[in-house]
Amino acid sequence: MPMLLLMGAGGCTADNTAKPVFPSSPGDITMYDSSAIDNEANWTVNNAHDPGIIKTDQGYYVFSTDVKVGGEPKPGVMVRKSEDLIHWKWVQYALPGVPAEAKAWSGAVGLWAPDVVKYKDSYRLYYSASTFGSRQSMIGLATSHSIEGPWTDKGAVIKTRNNDALNAIDPNVITDADGKMWMVYGSFFGGIHIIQLSPETGKPAESGFGTLIAARDRVTEDGAVEGPYIIYNEKFKKYYLFVSYDSLFEDYNVRVARSDSITGPYVDYNGREMTDTTYEPQYEVGNKILGGYRPGDDPGWIAPGHNSVLKDGENYFIVNHARGEQDKNWSYLHVRKILWTEDGWPVVSPERYAGETQQNIPKSLITGGWDYLIIDPSVDGQVESSRIELKNDGSVNGPSGQGTWSFDGKFKLTLTWDNPEAGKGKTDHVQLLPSWDWEQNRQTLVFTGMDEKGISVWGKQAAPKQ
């Protein structure tokens, strides 16, 4: 395997392509740090759950659910700040506990799944109040002229009762391409709904609960769908609905579908509607773009999910929590770069963001061993990588089969697998990205993309053998 190039290196490679710029080390993050349990200032990316991100003139802010490993959490919505999306600092709690109306209605002892948007000269903080297993829930609203508060509670946005089919938690507010304001919400029970809001009040402009846009078969516990988030991509003129499937602690994973209209229908790569609860198998509905994984021999991650999405200039980022494989009680904040396929589907980097940018890659850096992951929607929990090798003669082989690889001379690879066991003619269309290997503490190349069936595939260039 070729040695990777240091950040800022100039000149050209043997194939006359400029040397790519790799991110430098983001520094160490201590995992499972019990000394920080009661020291909020040292939490940084720890105890981050259901993160909602917003960019302001003062930096990037993440608002998240009140959680605490090793003790009882303090209610009030956690707030963190970053200047670069890499290094995070604890700020404070947004609210001094659960607002009175929310507590009286739901019995909540903490606040869940916040979302923050700016409207004119003020910020709006939407929060969820509920208890586990209950539909006696409320989405509330607080406002402030400063992103760091103080916040003034404005009461209920939507309430549900235990005898309602749906659950009023997990809000996300979006303004559509026509300037109309909407809130998508819902969790577990009754699926995901969207309702139009009044821009001036930030509360519903219509009665009822809105339109159903995603649901799953609730016969088994595997039918969970929650944590909705919608973005609009101007380039493709599409709305994208991100949701999380399955169990919060075990096999949480992120799915995406898209629509021409903000109210749906939302369909996946294979044209399946997100409201179709009759399709079998249910796990195939929605493009799975992020789930539990283990790269090579390194410790992996469990149950990544409940994401928000940030559009920052021309760049997109997915922001979510994930649990360390060695102790799933600890949840961490993850930020990853989103790339887009030619036909307008989001795919996610295998590595957490460290400042990387997409750029042309010399062909000479591509050959060698790779840890290859298929983000298989049928797999509960972690998927494990296999080792493949891209050879100088254009062939590729691995435990699942053999085939060929081709390169467009910039950053796109095509892997064509010929072994019937891997699927005759299976083709992966992927994009290369110079990245930071957080597991091995080194620079590396990664790739992300989809196969012809819409299944996400990842690759990370394997570390040289010592």
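Is Trp330 buried or exposed? In this predicted model, Trp330 is buried, with a relative accessible area of 6%. The legends below describe close-up views of this residue and of other sites.

**View 1. Tyr32 and Trp330 form an edge-to-face aromatic pair.** The structure holds 18 aromatic pairs. In the pair shown here, the ring centres of Tyr32 and Trp330 are 6.1 Å apart and the ring planes stand at 85 degrees, so the arrangement is edge-to-face. Distant parts of the chain are linked by this pair: Tyr32 belongs to the segment before β1, whereas Trp330 belongs to the loop between β19 (315-324) and β20, 298 residues apart. Tyr32 counts as partly exposed, at 22% relative accessibility.

**View 2. Tyr32 also pairs with Tyr332.** The centres of the rings of Tyr32 and Tyr332 lie 6.3 Å apart, with planes at 85 degrees, so this pair is edge-to-face. Tyr332 is located in strand β20, and 300 residues separate it from Tyr32 in the segment before β1. With a relative accessible area of 3%, Tyr332 is buried.

**View 3. Ser25 lies in the segment before β1 (52-56).** Ser25 is partly exposed, and its relative accessible area is 42%. A polar atom of the Ser25 side chain lies 3.1 Å from the backbone nitrogen of Gly27. When residues up to four places away in sequence are not counted, Ser25 touches Trp436 and Asn441. The C-alpha atom of Ser25 is separated by 36 Å from that of Ser144, a residue 119 places apart from Ser25 along the chain.

**View 4. The largest nonpolar core has 47 residues.** Leu85, Trp88, Ile231, Tyr240, Phe242 and Ile289 are the members that touch the most other members of this core. Strand β20 (residues 331-340) gives the most to the core, contributing six residues. Around Ile231, leaving aside neighbours within four places in sequence, the contacts are Ile174, Lys238, Tyr239, Tyr240, Phe242, Val309, Tyr316 and Trp340. A second, separate core has 22 residues, including Val98, Trp105, Ala108 and Ala129.

**View 5. Six aromatic residues make up one cluster: Phe236, Tyr240, Tyr269, Tyr316, Trp340 and Trp345.** Among them, Tyr240, Tyr316 and Trp340 are also in contact with Ile231.

**View 6. Ser106 is placed in helix α1 (residues 100-106).** Ser106 counts as buried, at 9% relative accessibility. A polar side-chain atom of Ser106 lies 2.7 Å from the backbone oxygen of Ala102. The backbone nitrogen of Ala108 is 3.1 Å from a polar atom of the Ser106 side chain. Not counting residues up to four places away in sequence, Ser106 touches Ala129, Ser130, Thr131, Gln136 and Ser137. Ala108 and Ala129 are included in the second core.

**View 7. Eight strands form a closed barrel.** The strands run in the order β22-β24-β25-β26-β27-β28-β29-β30, with antiparallel pairing. On average, and with direction ignored, neighbouring strands of this sheet are turned by 30 degrees against each other. Val446 has Lys460, in β30, as its bridge partner.

Note on methods. Residues numbered from 1 in each chain as written. Predicted model: local features only at pLDDT ≥ 70, side-chain atom pairs only at ≥ 80, totals over all residues. Heavy atoms only, no water. Helix = DSSP H or I, 4+ residues; strand = E, 2+ residues; numbered from the N terminus. Buried < 20%, exposed > 50% of the residue type's maximum accessible area, 1.4 Å probe, protein only. Contact = heavy atoms within 4.5 Å. Polar contact = N/O pair within 3.5 Å; in protein donor to acceptor, adjacent residues only side chain to side chain. Core = buried A, V, L, I, M, F, W, Y, C linked by side-chain atoms within 4.5 Å. Pairing = 2+ DSSP bridges. Axes fitted to C-alpha atoms, helices over the stretch in contact; angles between N-to-C directions. Phe/Tyr/Trp six-rings, centres within 6.5 Å; stacked < 30°, edge-to-face > 60°.
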